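User: Please examine the structure shown below and answer a series of questions about it. Kindly begin with the conventions that apply.

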Amino acid sequence: DDALAAWLEGRALLDLERSTEAEAALADAARLAPASGEVHSSWGSALAALGRIQDAYRAFVRALELAPDSQEVLIRVGGFLLERGELASARTILEAASRAGSVDALAGRITVCEREGRLDQALALIRTLPDDYPISPAMAMAVARMMRKSDQPGEARRLIMDLLALPIAPRIAVRALHLLGSLHEELGAYDHAFEAHQRANAMAGIVYDEGRHERQVDEILARFTRDRIARAAHPSTSSPQPILIVGMPRSGTSLVEEILASH
């Protein structure tokens, strides 16, 4: 029917990282199938890709309300929370998906443990994998990062190279190439490291313009002269009162603390 067609089209566009078109198709699908949790979770992924985070939250909440046991819904919601740095919530969602048998959910759980610094638990989860586990992009990246942290850069490099031989989304390929570059560097293969990072930047559309960079530096030097800096206000305080830096997680509080501490 029309809802199914719009949903399938939106998912395909999402895989191709054509987020604007995907969101339009999935918005239509959600309108035509308002009771489908899978449709709302796909829509949430498209909204998140466009940076419409609050809209994405609403779509994912609705998806969980409609299909709390759906493996696809749990994977999408858990992945979104993981990307947002909401690790405790992501762990709960991904554990539920993992119990349903999802390999990608297990990859997410490994990543949560890694980011929380619980490396022993991440390694324990990896040991539960069968020898012939499918190399999904999420699992390959998760296992490779843990191999790197476990002083196995050679094995990690082999795994990432196997991943890059598969047809994967450009967004994943960029991350994999940067990881490969770091692994080459650790193993002393500096030319290969440079090549991997160059490929990643080219795929991401990052082009170094030497002339533009020089002009930017010249403009900074011309604007911030010694005289101008000397005339600027120099606030200071001798108060012993502590400064409390308050903010949501992942909002830059640590950066603010380091800036203040450096002065």
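Analyst: A contact means that heavy atoms lie within 4.5 Å. The model is a predicted one, where local features need pLDDT of at least 70 and side-chain atom pairs count only at pLDDT 80 or more, while totals for chains, interfaces and linings use all residues. Residues are numbered from 1 along each chain as its sequence is written, and side-chain values use heavy atoms, with hydrogens and water left out.

User: How many helices and strands does the protein chain have?

Analyst: Helices (H or I, at least four residues) and strands (E, at least two) are taken as DSSP runs and numbered from the N terminus. The C-alpha trace of the protein chain spans about 70 × 45 × 45 Å along its principal axes. The secondary structure within it amounts to 15 helices and zero strands.

User: What percentage of the residues in the protein chain is buried?

Analyst: A residue is buried under 20% relative accessible area, exposed over 50% and partly exposed in between (1.4 Å probe, protein chains only). Among the 263 residues of the protein chain, the buried fraction is 34%.

User: Which residues does Ser182 contact, leaving aside its neighbours within four places in sequence?

Analyst: Ser182 belongs to helix α11. Its relative accessible area is 18%, so Ser182 counts as buried. Leaving aside neighbours within four places in sequence, the contacts of Ser182 are Arg148 and His197.

User: Is His184 buried or exposed?

Analyst: His184 sits in helix α11, which covers residues 170–186. Beyond residues up to four places away in sequence, His184 touches Arg157, Ala189, His192, Ala193 and Ala196. Because its relative accessible area is 8%, His184 is buried.

User: What is the distance between the closest N and O atoms in the salt bridge of Glu186 with Arg148?

Analyst: A salt bridge requires a side-chain nitrogen of Lys or Arg within 4 Å of a carboxyl oxygen of Asp or Glu. Glu186 is partly exposed at 43% relative accessible area, and Arg148 is partly exposed at 31%. In the salt bridge between Glu186 and Arg148, the closest N and O atoms are separated by 2.6 Å. This pair joins distant parts of the chain, with Glu186 in helix α11 and Arg148 in helix α9, and the N to O distance asked for is 2.6 Å.

User: With which residue does the side chain of Glu17 meet in a salt bridge?

Analyst: Glu17 is partly exposed, with 32% relative accessibility. Its side chain forms a salt bridge of 4.0 Å, N to O, with Arg171. The pair links distant parts of the chain, 154 residues apart: Glu17 is in the loop between α1 (2–15) and α2 (19–32), and in helix α11 lies Arg171.

User: Which residues are linked with Glu23 in a network of salt bridges?

Analyst: Glu23 is buried at 12% relative accessibility, whereas Arg52 is partly exposed at 36%. The side chains of Glu23 and Arg52 meet in a salt bridge of 3.7 Å, N to O. In the network of salt bridges, Glu23 is linked with Arg52, Asp55 and Arg58.

User: How many salt bridges does a search of the whole structure find?

Analyst: The pairs described above include Glu186 with Arg148 and Glu17 with Arg171. For the whole structure, the number of salt bridges found is 17.

User: What is the phi of Asp151?

Analyst: Most residues other than glycine have a negative phi. Asp151 is in the loop between α9 (137–149) and α10 (153–164) and is exposed at 70% relative accessibility. Asp151 is not a glycine, yet its phi is positive, at about 60 degrees.

User: What value is the phi of Arg250 near?

Analyst: Arg250 is in the loop between α14 (226–231) and α15 (253–261). With a relative accessible area of 74%, Arg250 is exposed. Its phi is positive in a residue other than glycine, and the value is near 65 degrees.

User: What separation do the C-alpha atoms of Asp209 and Arg11 have?

Analyst: Asp209 is in the loop between α12 (190–203) and α13, and at 39% relative accessibility Asp209 is partly exposed. Along the chain, Asp209 and Arg11 are 198 residues apart, and their C-alpha atoms are separated by 36 Å.
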